[in-house]
Each structure stands twice: as C-alpha cells, then as structure tokens.
Amino acid sequence: MASFRTMLAWLACATCAYAAELTPTEVIAQARAALAQDPAALAKVRSLQFELTSVDAAGKPAGFTLLEVNAPDQRYQLSLNANRSVEEILATNGNEGWRKSTQTTQIGVLRSEFVSVLRDMATSDLTFFAAPAERQGVVKAAPASEINGRKQVAVEYAYKSGFRLIRHFDAETFRLTATDQPMPDGKTQRQLVIATTIVEGILFTQKEAILIDGKKVAEATYEKIAVNPTLAPIHFIFPTR
C-alpha cells in the first residue's frame, strides 16, 4: 500500500512538473479543453447572460447583478443593492459607454479608455480563456502558485486597454481555480472558484468567493447562466434619458 501511495505521489508530481513546463498557449489549450468535451462548442457562443446574487463576508445579502455580453464586444451590467432600492447600469455597445443610476437623472458618458476596458472584458468572457488577438494584447506565463493545497499554473492576460488579469489553473486538471485582477488602489481582487456547473456542455463557475489582498469580502452565486440567449437590443442602445 505504501508503494502504491508513493507511486500516486510520484505521478502527481510528474503531472505538475509537466504543467509547469507548458507555454501559456499550451496551458490555455488545456484549460479550454477542460471546459467542454467538444472545445469547438466554445467558438459557437455568441452571447451569455448571468444572474448572480451576492452576500458579504458575514453572509448578509449584498445585492443582485445581471450581466450580459454580446459578440463581439458589447457588455451590459445591471446592479441592485441589497434591498433593491438603488439600480445602477454600466454598459457599452462596442462604440459608446455609459453609466446610469436611479440616484441621479443624469447619464454618465464613459471616457473612451474605459469603454475599451469594458469591450475587452466582454471579449474575454466570450472567448473562454483564449489569448487576445495580437492587436488587443498578449499573454505570458505568471508565477506558479499553490491554492488550497493544490499546485497551480498561471497565465497573465494583458490587454492594451489596460485590462489585466491572471488566471490560475489546477496543474493536474487545468480547471480554473482563481482569477486575480489588480485594483486601482494597488490591491488585488481574487475570484476564487468554490463550485462549478455545466450549462449547454460548458463548465462555468457557479459560486465564487471574492477576496481583497487575501481577505474574503463577499461571495457570489450564479443563480442563472444562459448560453446564446437572445438579449434585449435596448440594453445596448445609448439611452436618451
């Protein structure tokens, strides 16, 4: 039995060593393969819709979010506070971007550089870990790490708009473990995968913990995930009032 355990440990180490030697392109290919039995299905996704609820670190309701992305680079996010008394919308149709809130009658027009970030965020969601096009950005290897006792391989995505994130993939399964994103104040936000679900043959995060510099501040649950839904066109039309 001891020899069997030793063999398993050796195989695990060998697998992790193999993962560490992979290029970012190879890691991405493995990670995409881990998302769907038929990776070709990923290319057929043209729109996504997520409905998620969140709780704070103490487990108290924190809000609701509706997120929609539409190919190639449209993004619509509606957020409600815990008692749903305040509604905020942040959106881009790929050309213009705007912010709208029930707390003001004014519509905020987003600067072009922020619109570019939102566009890249939409593209990132729709391309399932794929590297950005050469004109959009680059990927590179990030330092290997260990999360919850499991070795990780990491890939950094750097978009020319300034959008940055590091994805950590399990060194054995290549499933996504966590996503790190730098914040304007220099801190790091981590989305740590807690649970997953399969929708239309594709693996999605179902629940995640949100940490700021290692401290848990919230938890989000994806109550509904829709693949290739027909999205309301009005969500991507610049509002007149």
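**Entry 1: the whole chain**
I'm looking at a predicted model, so I keep that in mind throughout. I counted up the secondary structure first: the protein chain has three helices and 13 strands. Next I checked the radius of gyration, which is 19 Å; the globule rule gives 18 Å for 241 residues, so the chain is as compact as a globular protein of that length. I also looked up the span of the C-alpha trace along its principal axes, and got about 70 × 45 × 35 Å.

How much of the chain is buried? I found that 41% of the 241 residues count as buried, meaning under 20% relative accessible area. The chain exposes about 13,500 Å², and carbon and sulfur atoms supply 53% of that. Then I looked at contacts between residues at least 6 apart in sequence: 42% of them join residues at least 24 apart.

**Entry 2: charges**
I looked up 26 positive and 25 negative charges, and their mean positions sit 2 Å apart.

I picked β2 (residues 61–70) and β3 (residues 74–81), which run antiparallel and are joined by eight bridges. For G63, the bridge partner in β3 is N81. A hairpin of three residues takes the chain from β2 to β3.

On to β4 (residues 87–92): six bridges join β3 to it, and the two run antiparallel. Here L78 has I89 in β4 as its bridge partner. β3 and β4 also form a hairpin, with five residues between them. I noted R84 in that turn, which has a positive phi of about 60 degrees.

Note on methods
Residues numbered from 1 in each chain as written. Predicted model: local features only at pLDDT ≥ 70, side-chain atom pairs only at ≥ 80, totals over all residues. Heavy atoms only, no water. Helix = DSSP H or I, 4+ residues; strand = E, 2+ residues; numbered from the N terminus. Rg over C-alpha atoms; globule rule 2.2 N^0.38 Å. Buried < 20%, exposed > 50% of the residue type's maximum accessible area, 1.4 Å probe, protein only. Contact = heavy atoms within 4.5 Å. Areas by Shrake-Rupley, 256 points an atom, 1.4 Å probe, with all protein chains shown as cover. Lys, Arg positive; Asp, Glu negative; His and termini not counted. Charge placed at Lys NZ, Arg CZ, Asp CG, Glu CD. Pairing = 2+ DSSP bridges.
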